[in-house]
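Let's take a friendly walk through this model together, starting with its aromatic rings and ending with an open space among the residues.

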Amino acid sequence: MTLSQSDFAFVSNLVRREASIVLAPGKEYLVEARLIPVARAVGSPSVAEFLADLQRRPNPQHQRKIIDALTTNETSFFRDREPFAALTDVVLPELVKSRAGARKLRFWSAASSSGQEAYSLAITLQESLPAGWSYEIQGTDISTAMVERAQKAEYSQVEVNRGLPATQLVQYFERAGAHWRVIPALRKNVSFKHMSLTAPFPPMQPFDVIFLRNVLIYFDVATKRQVLQNAARVLRPDGWLFLGAAETTIGIDDNYERVAAGRTSAYRIRNAVPAGAGRRG
């Protein structure tokens with residue numbers, strides 16, 4: 001049984017208000033499937049009764065559970081591969097030259113889900129930066145449950161099998177019962193916190209590279225523009241922005257230009273790209 005129109009409208013409005021995610025008609029089955037475990041966890045016999053009770057008696061904790069359940073958390077280690085190859089082959093060599101004085105880099109994994117992207121970045125930097133360099137990676141996500149998972153840094157065998165080479169699994173993970181845990185030497189460079197990309201950004205130190213991948217596709221154009229404008233404010237003038245393969249700034253925010261980065265593309269602040277760093281797309 002799928003959700004009633006009124007229940008779907010209630011959930012859609014809640015998710016749009018709190019997370020700016022647009023749930024188009026036709027997603028009723030998906031919403032109900034995601035909320036069945038939530039209803040059971042709070043003791044409701046069905047999703048319909050759970051939502052009816054929530055509409056009668058608003059409960060911020062239960063509303064947060066809905067947001068967490070409906071936030072898409074599809075991720076894997078080294079997802080799509082090409083952006084990580086671009087870091088190694090194009091981005092890091094340039095940054096090592098331009099940051100030779102500081103010898104430190106800051107990365108932001110926005111919409112970091114359960115942490116695989118952030119730890120993939122850490123492995124890449126660990127293996128690619130020259131001796132004497134340091135780095136910080138900030139992961140953020142709207143789902144408090146995902147932030148807690150990322151902080152715990154433990155992954156199932158199925159999860160580590162998705163995209164993580166065996167050599168890196170042995171080098172950067174340790175056994176934790178039936179799971180694998182990221183080693184402390186890697187975890188110390190990575191932190192996570194709860195953050196909504198569609199709310200005003202909290203104070204943040206500028207980043208050299210921002211991974212804002214596979215999240216803009218869930219927003220309307222106005223929200224995409226606002227997120228990109230906010231990201232530009234915390235991206236260093238000669239920094240790099242990576243989006244998902246199906247995402248672009250073109251036609252949304254003209255402050256960016258697309259540049260070649262190996263076999264993929266990235267985005268940089270227009271008129272701030274050092275000569276020879278990439279061509280316009």
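Begin with two phenylalanines: Phe211 and Phe242 are both buried. This is a predicted model, so please read every value here as computed from its coordinates. Phe211 and Phe242 form an aromatic pair of the tilted kind, with 5.0 Å from centre to centre and 45 degrees between the planes. This pair links distant parts of the chain, since Phe211 belongs to strand β7 (residues 207–212) and Phe242 to strand β8 (residues 235–243), 31 residues apart.

How many aromatic pairs does a search of the whole structure find? The search finds 9. A pair of rings is described by the distance of the centres and the angle of the planes. Tyr119 and Tyr155 form one that is edge-to-face, at 6.4 Å centre to centre and 75 degrees between the planes. Here, too, distant parts of the chain are linked: Tyr119 sits in helix α6 (residues 116–128) and Tyr155 in strand β3 (residues 154–155), 36 residues apart. Are these two tyrosines buried or exposed? Tyr119 has a relative accessible area of 2%, so it counts as buried. Tyr155 has a relative accessible area of 0%, so it is buried as well. Both tyrosines also belong to a cluster, in which ring pairs link Phe77, Tyr119, Tyr155, Phe173 and Phe192.

The charged end of Arg268 sits over the ring of Trp240, 3.8 Å from the ring centre.

Now for the open space. The second largest pocket has a volume of about 190 Å³. Its lining is made of 13 residues, and those nearest the centre are Leu243, Gly244, Ala245, Thr264 and Ser265. Strand β10 provides the largest share, 3 residues. Sorted by class, the lining of the pocket holds 4 nonpolar, 4 polar and 5 charged residues.

Finally, step back to the whole chain. It has 11 helices and 10 strands. Its radius of gyration is 20 Å, close to the 19 Å that the globule rule gives for 281 residues, so the chain is as compact as a globular protein of that length. Along the principal axes, the C-alpha atoms fill a box of roughly 60 × 50 × 30 Å. Of the 281 residues in the chain, 49% are buried, and the two phenylalanines we began with, Phe211 and Phe242, are buried too.

Note on methods
Residues are numbered from 1 along each chain as its sequence is written. This is a predicted model: local features need pLDDT of at least 70, side-chain atom pairs count only at pLDDT 80 or more; totals for chains, interfaces and linings use all residues. Side-chain values use heavy atoms; hydrogens and water are left out. On a 1 Å grid over the protein atoms alone, a cavity is a set of points where a 1.4 Å probe fits but cannot get out, and a pocket is an open set with protein on both sides within 12 Å along at least five of seven lines; lining residues have an atom within 4 Å of a point. Grid points are joined across faces, edges and corners, and a volume is the space filled by probe spheres set on the points. Helices (H or I, at least four residues) and strands (E, at least two) are DSSP runs, numbered from the N terminus. Ala, Val, Leu, Ile, Met, Phe, Trp, Tyr, Cys and Pro count as nonpolar, Asp, Glu, Lys and Arg as charged, and the others, Gly among them, as polar. Rings of Phe, Tyr and Trp (its six-membered ring) pair if their centres lie within 6.5 Å; planes under 30 degrees apart count as stacked, over 60 as edge-to-face and the rest as tilted. Buried means under 20% relative accessible area, exposed over 50%, partly exposed in between (1.4 Å probe, protein chains only). A charge sits over a ring if NZ of Lys or CZ of Arg is within 6 Å of the ring centre and within 35 degrees of the ring normal. The radius of gyration is taken over C-alpha atoms; the globule rule is 2.2 Å times the number of residues to the power 0.38.
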